[in-house]
Amino acid sequence: MAGNDTSFDVHTADSDDLEFWRLRRLRFRVLVLGRANAGKTTILERIAGASIGEAEVWRDGERLPGQIVKGQSDRGLHNVKDEIRFPSRPGFVFHDSRGFEAGSSEELDGARRFVEDSSAATSLREQLHAIWMCLPLDEARELFDTEKEAFSWARGHIPLVVIFTKCDGAVDKVTSQIISSTSESSSGRAFRKEARKSAEIRVTTHIKEREEELRQLGQVNSAIAFLATSDMAELTDASESACANLIKATEEGLAGPKLKTVLALVWGCNVLKNGFWCFFW
């Protein structure tokens, strides 16, 4: 490869040799939004295939020694510009935003500025490529005003995936409410089965209502996808499928083959099978 021409064809390397792509220092940058206990950590653990304790915190191009993500949370140290990286998924760079519960205008304004600045960056490695917004289903039934506000400025040209998390927990909670509101004589196995079916319908209806509420805040040309997750606490077929669906939803919102290829490569997909032939830096 001569001069400054850094274009390449994926046929020139074995697309299954992930070390080749790692050496190119590809980065796919994601901002994760959501209140505390929204399931953000669990999503990252499943995507990375590793514990959050294995994540590294980077700032201004340098790793913060001895700093772990949980430690940041415990001590209240937080900067949305800090990068969360997992050695198991070196191509992903995550950013975390907080302040939804307290309505902290300082933290939310910082996140908004981060979205505006990093999405406008000219360097592919420095750009923000996607936003994942986690909304838990097992807690408050209504959206926070801060969540609506964040959604309003988060949607736009950057793909935004709204993840309704803890769907299983919501179904369990509603099932218990149905059973507890019924006489003891009606709490047999058959009734419990019917109660769970009713709970699943209620939760599904609630998801659709929240989707419609959020769509009213969006733009016609916004790349917005909605996804519900269950049973994400452990590595199972269901959680693996949910991760694959999240990556697919993110990929479908990306503009142009370049970013689609980057996401496929850092996720570990075979780019030839995905139909991506080349891209240019």
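Start by selecting strand β7, residues 130-136: this strand is mostly covered, with seven of its seven residues buried (buried means under 20% relative accessible area, exposed over 50% and partly exposed in between, with a 1.4 Å probe and protein chains only). Helices (H or I, at least four residues) and strands (E, at least two) are DSSP runs, numbered from the N terminus.

Before you go on, note that this is a predicted model, in which local features need pLDDT of at least 70 and side-chain atom pairs count only at pLDDT 80 or more, while totals for chains, interfaces and linings use all residues. Residues are numbered from 1 along each chain as its sequence is written, and side-chain values use heavy atoms, leaving out hydrogens and water.

Now show the side chains of β7. Ala130, Trp132, Cys134 and Pro136 point one way, Ile131, Met133 and Leu135 point the other way, and all are buried. In a regular strand the side chains alternate between the two faces of the sheet.

Strands β2 and β7 run parallel, joined by four bridges; here Leu33 has Met133 as its bridge partner. Six bridges join β7 to β8, also a parallel pair, and Leu135 stands opposite Phe164 in β8. Two strands count as paired if DSSP finds at least two bridges between them.

Which order do the strands of the open sheet follow? Its eight strands run β4-β3-β5-β6-β2-β7-β8-β9, with mixed pairing. The edge strands, each pairing on one side only, are β4 and β9 (224-228).

Strand β8 (residues 160-165) runs parallel to β9 through five bridges, and Ile163 has Leu227 as its bridge partner.

Strand β3 (residues 56-59) is antiparallel to β5 (residues 83-86), with three bridges, and Glu56 is partnered by Arg85. Two bridges join β3 to the antiparallel β4 (residues 62-63), where Trp58 stands opposite Arg63. Zoom in on Asp60: in the hairpin of β3 and β4, with two residues between the strands, Asp60 takes a positive phi near 55 degrees.

Finally, select helices α8 (residues 237-253) and α9. Their axes come within 9 Å and cross at roughly 160 degrees (axes are lines fitted to C-alpha atoms, for helices over the stretch in contact, and angles run from 0 to 180 degrees between N-to-C directions). Show Cys243, Ile247, Thr250, Glu251 and Glu252 in α8, which meet Lys260, Leu263 and Trp267 in α9; contact means heavy atoms within 4.5 Å.
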